[in-house]
Amino acid sequence: MPEKIKKEDQVALAKARDSGDQKAAETLFMDNRRLAYALSKKYFGYQSLTYEDILQNAMLGLWMAAETWDYKKGVAFSTYATTIMKYMIWGELLKDLGMIHVRDKVLSKVLKMKQFIYKYKTTNANEPSDEEI
């Protein structure tokens with residue numbers, strides 16, 4: 001397993017990327033794939049999306065972050081990349097739900113409710129009542 005990349009190295013890679021070195025963006029992407037895997041595991045099971053679909057969107061977000069991260073703003077790459085990856089995953093989840101636009105707070109409540117109902121059904125073998133939800 002590759003070692004974690006240090007912040008100074010990330011900044012050096014971003015500077016090289018800004019000067020036109022495409023390999024620097026690839027290195028930034030490759031050294032942070034673990035972040036995409038970890039985030040994908042958290043979102044697996046929310047909808048009918050497969051783990052591979054969620055991972056693909058996380059990887060697309062990570063690539064976008066590797067190409068657009070601005071180290072001058074003082075935000076850590078992992079924070080920036082996580083935000084972009086979450087945006088990509090939520091977009092795919094919304095598309096899968098067939099919804100046009102729902103606020104993130106509302107969507108997360110609906111997804112938590114669905115997850116609770118699923119867990120309740122598996123443990124109690126019947127539907128939960130409205131009060132239990």
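These legends describe close-up views of a predicted model. Residues are numbered from 1 along each chain as its sequence is written, and side-chain values use heavy atoms, with hydrogens and water left out. In this predicted model, local features need pLDDT of at least 70 and side-chain atom pairs count only at pLDDT 80 or more, while totals for chains, interfaces and linings use all residues.

**View 1**
Y51 belongs to helix 4 (residues 51–68). Helices here are DSSP runs (H or I, at least four residues), numbered from the N terminus. Y51 is partly exposed, because its relative accessibility is 22%. The cut-offs are these: buried is under 20% relative accessible area, exposed is over 50%, and partly exposed is in between (1.4 Å probe, protein chains only). Which residues does Y51 touch, not counting residues up to four places away in sequence? They are Y37, S40, K41 and F44. Contact means heavy atoms within 4.5 Å. R17 is 34 residues from Y51 along the chain, and their C-alpha atoms are separated by 30 Å.

**View 2. One face of helix 3.**
Helix 3 covers residues 33–43, and its buried residues are A36, L39, S40 and Y43. Seen down the axis of helix 3, these buried residues fall within an arc of 105°, so they line one face of the helix. The arc is that of the directions from the helix axis to the C-beta atoms. K41 and K42 lie on the other side of helix 3 and are exposed. Just after helix 3 comes G45, with a positive phi of about 100°.

**View 3. The salt bridge of R17 and D18.**
A salt bridge is a side-chain nitrogen of Lys or Arg within 4 Å of a carboxyl oxygen of Asp or Glu. By this rule the count is 3. One of them joins the side chains of R17 and D18, at 2.9 Å, N to O. R17 is buried, at 12% relative accessibility. D18 is partly exposed, at 43%.

**View 4. The salt bridge of K23 and E26.**
The side chains of K23 and E26 form a salt bridge at 4.0 Å, N to O. Both residues sit in helix 2 (residues 22–30), 3 residues apart, about one turn of the helix. An α-helix has 3.6 residues a turn, so residues three or four places apart point the same way. K23 is exposed, at 57%. E26 is partly exposed, at 33%.

**View 5. The salt bridge of E127 and K121.**
Here the side chains of E127 and K121 meet at 3.0 Å, N to O. E127 counts as exposed, with 53% relative accessibility. K121 is partly exposed, with 37%.

Terms used:
Helix = DSSP H or I, 4+ residues; strand = E, 2+ residues; numbered from the N terminus.
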